[in-house]
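Look at the sequence and the structure below, and keep both in view while reading.

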Amino acid sequence: MPEIAVIGAGVIGLTTALHLARDGRDVVLIDPNDPGSGCSHGNAGTIADYAVQPVATPDVLRALPRLLFDRNSPLSIRTAALPALAPWLLRFARQSLPANAAANAQALATLLADAGPRWRDLADGVAADHLLQHRGCLYLYKDTAALVAAKSDMAHRRALGVTVDLIDADALAALEPGLPPMGGAAYFGGAMFLSDPGALMQHLARAVTGAGVLQHRATVTTLMRTGGKVHLTGPGFDLTARHVVIATGAHGRTLALQAGDRVPLDTERGYHAEWDMPAPRLSRPACVTEAGFYLCPMDGRLRAAGTVELGGLTAPPSPHRIDRLVQGAHRIWGDLGPPTRTWMGFRPSIPDSLPVIGPSRHGTDVIHAYGHGHLGVTLAPVTAALIAAILAGSRPSIDLAPYAPQRF
């Protein structure tokens, strides 16, 4: 019987399993899919330690009706999913109130504070430091008015510990000569990014195997406590462990409920489009703020990634959302042509934009580690360290109350 079973082999599960195994723990990893697949490889590649603003804010609340039902907005909803999403949206609206939004921003800033150093250690520890780029990240503003309007947002981020400079059109042109003329940018000079998230996941998966973690290709459908242990079953699968870590991303709600914890987890459907090219036209990721997506330079290709569609786990990809990404990239560079490939994946989404990290209300035999939204890659090594501390019986480096499943 293994000591710890980690359910989910995305970036959170891989990093957690690796951290625990290197601490000398007996770990198994369970997932029906290839390690590091899904959103762990399809993301923008940013180590976004500057992303301290929750999705739910007073500004978003005021714009919510327009955002949700405008097919071209950065945040949209599939109409057929609206009845099922109504409870989640009500929670989201409450979290958008000023006091809640401020508390959630502080909680995000606390989690993100050492994401950069932890990523440097992780990349070095899995022989992937060549994939971790130290060239910063940009938020692009279409004109001078938009740049001026961003001052209050950047002042708020600075108050939460983020280092950022607002640069004018000339400075942006000098930094990224491949971009068309714009009003300026917010430059997060200390931020890092991955030049190939999928390759990084392969390095992580090899390190997990090298650390002695046994891996099962299986789907866990049932979690049951019995005799001081946790019994996991699924089609053709049966395993008992002393502790279980739920790291199943967007798929964690049912297992959480079986553990005795009701968590308002839902799904954001994320998209990307890629253009193969020898040298991408940017030196660093750049968020087109008015359209809500990133342009990401990656090894041998340019990736446009982002937008949020609330729509559950079963509906097919929306061609309109892909088209919107492609058209947004074409507005920057009209000669890009059609994309080489497109993709859709499922992000876990919690109304307060905070991940669920911590033990079940019934004890440390079940630990929650999911709900990271757009910050799963960024927060993977932070989450792994917190889970390891819980299972070691030591005090985590931060207060986990804002992220606990009991907060709901």
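What follows is a short walk through this model.

The model is predicted: local features need pLDDT of at least 70 and side-chain atom pairs count only at pLDDT 80 or more, while totals for chains, interfaces and linings use all residues. Residues are numbered from 1 along each chain as its sequence is written, and side-chain values use heavy atoms, with hydrogens and water left out.

Begin with strand S2 (residues 27–30). Helices (H or I, at least four residues) and strands (E, at least two) are DSSP runs, numbered from the N terminus. In a regular strand the side chains alternate between the two faces of the sheet. In S2, Val27 and Leu29 point one way, Val28 and Ile30 point the other way, and all are buried. Buried means under 20% relative accessible area, exposed over 50%, and partly exposed in between (1.4 Å probe, protein chains only).

S2 has parallel partners. Two strands pair if DSSP finds at least two bridges between them. Strand S1 (residues 4–7) pairs with S2 over 4 bridges in the parallel sense, and Ile4 has Val27 as its bridge partner. The chain passes from S1 through helix H1 (residues 11–22) to S2 in a right-handed β-α-β crossover; right-handed means that, with the strands pointing away from the viewer, the path from the first strand over the helix to the second runs clockwise. Strand S10 (residues 214–216) also runs parallel to S2, joined by 3 bridges, and Leu214 in S10 stands opposite Val28.

Next comes the interior. A nonpolar core is a set of buried Ala, Val, Leu, Ile, Met, Phe, Trp, Tyr and Cys residues joined through side-chain atoms within 4.5 Å. The largest one has 77 residues, and those with the most contacts inside it include Tyr50, Tyr139 and Phe188. Helix H13 (residues 376–392) gives the largest share of this core, 9 residues.

Which residues form one aromatic cluster? Tyr50, Tyr139 and Phe188 do. Rings of Phe, Tyr and Trp (its six-membered ring) pair if their centres lie within 6.5 Å; planes under 30 degrees apart count as stacked, over 60 as edge-to-face and the rest as tilted. By this rule there are 4 aromatic pairs. Tyr50 and Tyr139 form an edge-to-face pair, 5.8 Å centre to centre with 85° between the planes. Tyr50 lies in the loop between S3 and helix H3 (58–69) and Tyr139 in strand S6 (residues 137–141), so the pair ties together parts that are 89 residues apart in sequence.
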